[in-house]
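Dear colleague,

Here is the structure I promised to pass on to you, with the sequence alongside. Please keep it open while you read, as my notes follow directly below.

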Amino acid sequence: MLESLRIRNIALIDQLEVAFADGLNVLTGETGAGKSVVIGAVGIALGGRFDRTLLRKEEEDGLVEVLFSLPDSVRTRLIREKVLPEDLLTEGEILITRKLSKNRVVNRINGETVPLAQLKETAERLINLHAQHEQTTLLKPARHMEILDASDPAVLAKKAEVREKYGTLQELRRKLERLDQDPGERAKRADFLQFQVREIREAKLRPGEDAELEEAYRRMSHAEELLSICQEVSALTGEETASGCGNQISRAAKRIQDMTRYEADSQLPAQLSEVEALLSDFNQSLTAYMEEMSYDPEELRRISDRLDLLNSLKAKYGRTLEDVSETADALEKELEELTRADE
């Protein structure tokens, strides 16, 4: 249903918004009041001619915008027939906008710029425009069957049933074509499928393994640099050397306790004590990290080889390891069909 129409700077109209109600809507007025302009603006919104000769003020932009509510049946048909992508039809409404700016017309559907042909195809499925000497749908032979079918719900249901069965028929024909081939070619295909399935299954893929190995490889390949950084930080923050800030803060914390003899309510000793405790925890964590850090050339080579294998499988069979596993499932299904082709 057409919900509203917005017009700006078109012919007699400077600015106009029209909200339509359910049922019959009638526009009345004396000659020259602008009734034809309103209908013409709808035609522009549907993809009609839109140039500067239609503008009220040539130096300003022109705009026509129409809003349709979108029943589920129409939404489903637009998606099924690939007129619009599903992500543009999530709100139960379609907003068609045409804006003339600097001799260029911008066409948008739900805020996304689209080609004029796509806008026209969408609009044709939302509204029929019939003028005294012009109409856009009834004389198009390509639409005659659709209009006739839409006259009876029983016909639409039967049409959907036939479409579904025809799709099944086509799929069965494609399967037969695959199976009804030379036995030698079938055997060669089966051997190749067996090789592919074996290559994937022998890898024993685990989801997320590639990300874990890449992180481990990055850490191990920079182990020496990481250890050097940690040792330097430990020397700067620890208590092993007199210049370490841990040792300095410890001495400062003991010294500032003397303040309590003269100012018992001061918060400064407690604050510094907290800093000392936090630094101590940090140094314990840093020491544990350095103790756990190891550099094993053999382990690094094993990780590198495993990553090479995983990346090779992803290059052949899918973007992710999950995609590779799904490919293996599909290959196994095709292999089973080939081995049971005669049956």
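Glu209 is found in helix α7, which spans residues 209–221; helices here are DSSP runs of H or I with at least four residues, strands are runs of E with at least two, and both are numbered from the N terminus. With a relative accessible area of 10%, Glu209 is buried, a word that means under 20% relative accessible area, while exposed means over 50% and partly exposed in between, for a 1.4 Å probe and protein chains only. Leaving aside residues up to four places away in sequence, Glu209 touches Lys204, Arg306, Leu310 and Leu321, where contact means heavy atoms within 4.5 Å.

Please bear in mind that this is a predicted model, in which local features need pLDDT of at least 70 and side-chain atom pairs count only at pLDDT 80 or more, whereas totals for chains, interfaces and linings use all residues. Residues are numbered from 1 along each chain as its sequence is written, and side-chain values use heavy atoms, with hydrogens and water left out.

Met259 lies in the loop between α9 (245–256) and α10 (268–292), and at 27% relative accessibility Met259 counts as partly exposed. Not counting residues up to four places away in sequence, Met259 touches Ser266 and Leu268, and its C-alpha atom is separated by 7.8 Å from that of Pro269, ten residues apart along the chain.

Turning to helix packing, the axes of α6 (residues 183–201) and α12 (residues 321–339) come within 9 Å and cross at roughly 150°; axes are lines fitted to C-alpha atoms, for helices over the stretch in contact, and angles run from 0 to 180 degrees between N-to-C directions. The helices α6 and α12 are therefore roughly antiparallel to each other, given that angles under 35 degrees count as roughly parallel, over 145 as roughly antiparallel, 65 to 115 as roughly perpendicular and the rest as oblique. The contact of α6 with α12 has nine nonpolar, three polar and six charged residues (Ala, Val, Leu, Ile, Met, Phe, Trp, Tyr, Cys and Pro count as nonpolar, Asp, Glu, Lys and Arg as charged, and the others, Gly among them, as polar).

The axes of α6 and α11 (residues 297–317) come within 11 Å and cross at roughly 140°, which makes α6 oblique to α11. Gln196, Glu199 and Ile200 of α6 make this contact with Leu313, Lys316 and Tyr317 of α11, and by class the contact of α6 with α11 has three nonpolar, one polar and two charged residues.

There is also an open sheet of six strands, in the order β2-β1-β3-β4-β5-β6 and with antiparallel pairing, where two strands pair if DSSP finds at least two bridges between them. The edge strands are β2 (13–19) and β6 (112–113), each of which pairs on one side only. Helix α3 (residues 116–124) packs on the sheet, touching β4 and β5 (104–109), and its direction makes about 140° with that of β4.

Within the sheet, β1 (residues 2–10) runs antiparallel to β2 and is joined to it by six bridges, with Ile7 standing opposite Leu16 in β2. These two strands, β1 and β2, form a hairpin with two residues between them, and Ala11 in the turn has a positive phi of about 50°. Strands β3 (residues 62–69) and β4 (residues 93–101) pair in the antiparallel sense over eight bridges, and the bridge partner of Gly62 in β4 is Leu100.
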